[in-house]
Each structure stands twice: as structure tokens, then as C-alpha cells.
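Subject: Structure handover

Hello,

The structure we discussed is below, together with its sequence. My notes on what turned up in it follow.

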Amino acid sequence: MRKLSVVLLLVFTLVLSACGNHGGNASTTDNLTVHIGLLKNVTHAPAFIALKNGYFQDAFGANVKIEVTAFDNGSDFSTAIATHQIDLGFVGPGPAINQFLKSENFRIISGSNNGGAVFIARKDAGIHSVKDLVGKTVAVPTKGSTNEISLRLLLGQEGLKVSTDTSGVQIITRAPADTLVAMRQKEIDATLIPEPWGIQLVEEGTGEVLVDWDKIPPNDGNYPLTLLVASDKFLQTHRDLAKQAIKANLDGIDFIKSHPEEAYELISAELKELSGKGMDNKLIKGAIEHLNLTDEVHLEVIESMAKVSFDAGYIKDISEDKLDLSKFIDLSLLEEVKKNR
């Protein structure tokens with residue numbers, strides 16, 4: 001009888017251990033693939049470092065495979081996460097807000113970087129101030145992007161309107177790499193563009209900074225340009241892995257701040273892997289100096305950016321008084337991670 005009791009006790013203990021480990025997620029991570037998305041911009045530097053230094057892999061565990069998808073713009077990223085092509089990743093608030101209001105199936109779980117976009121005017125375009133943009137053509141990465149939101153706010157501050165003719169400012173879309181070519185060929189007059197593309201235009205002599213990163217609205221550059229988001233499905237199924245992703249993001253931020261010279265090399269290497277071309281450390285350093293790496297996320301700033309998207313017509317089938325984004329931000333996991341650091 002005693003022998004039977006010991007056996008039953010052992011079985012009961014093993015069952016409790018299996019159920020309690022990682023909130024029941026341990027068994028579901030065997031042969032799991034986590035799909036991470038990001039953009040090919042230095043504004044995503046913490047993600048680059050977290051990948052290069054193995055922070056994601058170490059945090060997820062050896063039995064989890066990681067697949068990375070690099071996007072040219074936030075709109076494509078946001079569509080991918082809403083349709084479960086990726087599980088989590090890094091994106092700007094503009095396209096993420098627009099997509100969330102349609103699908104409501106992913107959440108902001110941490111900040112990663114505030115600011116890092118600059119307004120560049122072509123050197124021979126006769127643009128010496130924002131008011132000189134009337135009749136000019138300005139490029140942004142994609143419609144409804146965070147950069148377009150900032151551009152519309154910037155133009156509004158100067159009383160300028162967006163138009164399709166020379167009476168105002170014409171906004172067109174170009175991927176950052178294509179923007180460099182368009183500026184060289186004088187197809188566009190200016191661009192509001194994320195780093196490292198802005199500093200590259202300056203260094204090659206094609207453009208000059210008209211409005212630096214710390215004067216770009218909203219909030220003089222201190223607005224979210226890169227956020228860590230995760231799908232609701234992933235959060236429900238792999239809550240612990242989502243927490244580990246947040247930790248990897250924070251470790252990436254810390255590494256850049258404490259080991260900048262090493263970080264420049266790693267960021268260039270990741271850029272080469274993602275886009276096929278690395279970047280000189282001098283340019284990486286200049287771009288990083290235009291970033292405010294932080295995990296902070298402020299609802300009021302997110303909502304002010306949503307208002308611009310609404311006014312521009314990118315948010316449809318919803319009234320302005322229904323722009324409640326409180327459910328879009330869930331920082332509970334971030335708070336848990338920071339308590340245990």
C-alpha cells in the first residue's frame with residue numbers, strides 16, 4: 001500500500017509540475033516557430049541588436065525557431081500581423097493604428113524608440129523653410145505612415161495645405177531606398193524619412209536637413225516611431241514568450257546605450273542581412289544620435305496621431321468620438337518584465 005501511495009504521489013507531482021511550468025506553455029513551444037517582423041530602418045536598432053546578440057533566441061529557448069521578415073513599410077507589416085503571417089514585431093504607430101481600428105487583433109506591448117525621422121530638402125530645390133514647400137513634392141514611405149502623420153502636422157503648423165496641385169504641398173509615396181534615387185534624379189523636392197536614410201542623403205550631398213529629428217511633430221521628436229506589437233493570438237497562446245520578446249527588446253536598448261561602438265557594427269551587419277547592404281559606422285552613429293531609445297508608450301500621443309490619420313481620411317467607417325485606443329495598448333507584460341529585471 002505504501003509503495004502504491006508513493007507512486008501516486010510521484011505521478012501527481014509530475015502532473016502539477018507540467019501544468020505549472022510557464023503557465024502551461026512549455027509543451028507548446030516544442031518545434032514552435034515564432035515569426036518576427038521589422039522594418040529595414042536604423043530606427044529599429046534595438047530589434048537588430050536583439051537578433052544579432054541572440055537575445056530573442058536565448059529568451060525563447062533552443063527549441064523555438066525564429067523566422068524574421070523584413071518589410072519596406074509599416075502598412076505591409078500591419079497587414080501581416082493582422083492576418084497572422086507574423087506573431088510579433090516592430091512598427092510605427094501610424095499604420096498600426098489604422099490597421100488596429102479595422103481588425104483589433106493585435107496590441108502594443110512595449111515602446112522601443114521615439115523619434116528618428118528627419119525632414120530633408122533637395123539642395124537645389126529652393127527650399128529654405130517649411131513655407132517654401134508650396135508647389136513642391138514631398139515623399140513619405142507609404143500612405144498613412146507615421147512619417148506622413150508627422151509631415152501633415154508639420155505643414156499644419158505653418159498653415160500649409162496638402163493638395164494635388166501647386167496650390168499646396170503634394171505628398172507622394174516612395175520606399176526609402178527609392179526616395180534616395182528620386183532625390184538624385186530630381187523627381188521629388190523633399191522627404192520626411194526615417195534614419196539612416198536621412199543622414200545618407202546629407203552625407204552624399206544630395207539633400208540638407210530642413211527640420212531636424214528633435215523638431216519633428218508631434219512633441220518635438222519625442223513621439224513613438226518604433227513600437228513592439230504582438231498579435232492577440234500569440235499573446236493568448238504564448239504569453240511567456242511575449243514577455244521574453246519584451247525582455248529582448250529592453251536588452252537591445254541597454255546594449256546600444258552601454259556599448260555604442262559595438263552596436264554600430266552589429267546594426268550594419270543586420271542591415272546587410274535584411275537589405276543586402278550594410279552601412280558605414282559613421283552613418284550608423286549619426287543615425288543613432290537621432291533616436292531616443294525607450295520602452296515608454298503614451299496613450300495621448302498615440303491618440304493625437306490617430307486624429308491626424310482620421311482627418312486625412314485613412315481611418316474610415318468610424319466617427320471621431322470612437323477613436324478609443326486604450327485597448328490598443330497593453331503594457332502589463334512590460335511592467336512585469338521591468339519588475340523582475
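Searching the whole structure, which is a predicted model, gives 21 salt bridges. One of them pairs Lys282 with Glu203, where the closest N and O atoms are 3.7 Å apart. Lys282 belongs to helix α12 (residues 281-288) and Glu203 to helix α8, so this pair ties together parts that are 79 residues apart in sequence.

Helix α8 (197-203) also takes part in the largest pocket, as one of the elements that supply at least two residues of its lining. The others are α7 (176-184) and α11 (260-275), and α7 gives the most, with three residues. The space in this pocket comes to about 220 Å³. Its lining consists of Lys40, Ala177, Leu180, Arg184, Pro196, Trp197, Gln200, Leu271, Ser275, Lys277, Gly278 and Met279. Sorted by class, that is six nonpolar, three polar and three charged residues.

The peptide bond leading from Glu195 to Pro196 is cis, and its omega is near 15 degrees. Pro196 sits in the loop that runs between β8 (190-194) and α8.

Another cis peptide bond links Pro217 to Pro218, with omega about 0 degrees. Here the loop is the one between β9 (207-211) and β10, where Pro218 lies.

One further backbone point concerns His84. Its phi is near 65 degrees, which is a positive value in a residue other than glycine. His84 is in the loop between α4 (74-82) and β3 (88-91).

The volume of the largest cavity is about 160 Å³. It is lined by 19 residues, and those closest to its centre are Leu39, Asn41, Gly74, Gly92 and Asn147. Both α6 (146-157) and β10 (224-231) supply at least two residues of this lining. The class count for the cavity lining is seven nonpolar, eleven polar and one charged.

I also looked at two helix pairs. Packing of two helices is described by the angle between their axes and the distance between the axes.

For helix α2 (residues 45-52) and helix α10 (residues 239-258), the axes come within 8 Å and cross at roughly 100 degrees. An angle of 65 to 115 degrees counts as roughly perpendicular, and α2 and α10 are therefore roughly perpendicular to each other. On the α2 side the contact is made by Ala45, Pro46, Ile49 and Ala50, and on the α10 side by Ala248, Asn249, Gly252, Ile253, Phe255 and Ile256. Eight residues of this contact are nonpolar, two are polar and none is charged.

For helix α5 (residues 93-103) and helix α13 (residues 299-311), the axes come within 10 Å and the crossing angle is roughly 75 degrees. This pair, α5 and α13, is therefore also roughly perpendicular. Pro93, Ile97 and Asn98 of α5 meet Ile302, Met305, Ala306 and Ser309 of α13. The contact of α5 with α13 holds five nonpolar, two polar and no charged residues.

Regards

Conventions
Residues numbered from 1 in each chain as written. Predicted model: local features only at pLDDT ≥ 70, side-chain atom pairs only at ≥ 80, totals over all residues. Heavy atoms only, no water. 1 Å grid on protein atoms, 1.4 Å probe; cavity = no way out; pocket = protein on both sides within 12 Å on 5 of 7 lines; lining within 4 Å. Points joined across faces, edges and corners; volume = space filled by probe spheres on them. Helix = DSSP H or I, 4+ residues; strand = E, 2+ residues; numbered from the N terminus. Nonpolar A, V, L, I, M, F, W, Y, C, P; charged D, E, K, R; others polar. Axes fitted to C-alpha atoms, helices over the stretch in contact; angles between N-to-C directions. Parallel < 35°, antiparallel > 145°, perpendicular 65-115°, else oblique. Contact = heavy atoms within 4.5 Å. Salt bridge = Lys/Arg side-chain N within 4 Å of Asp/Glu carboxyl O.
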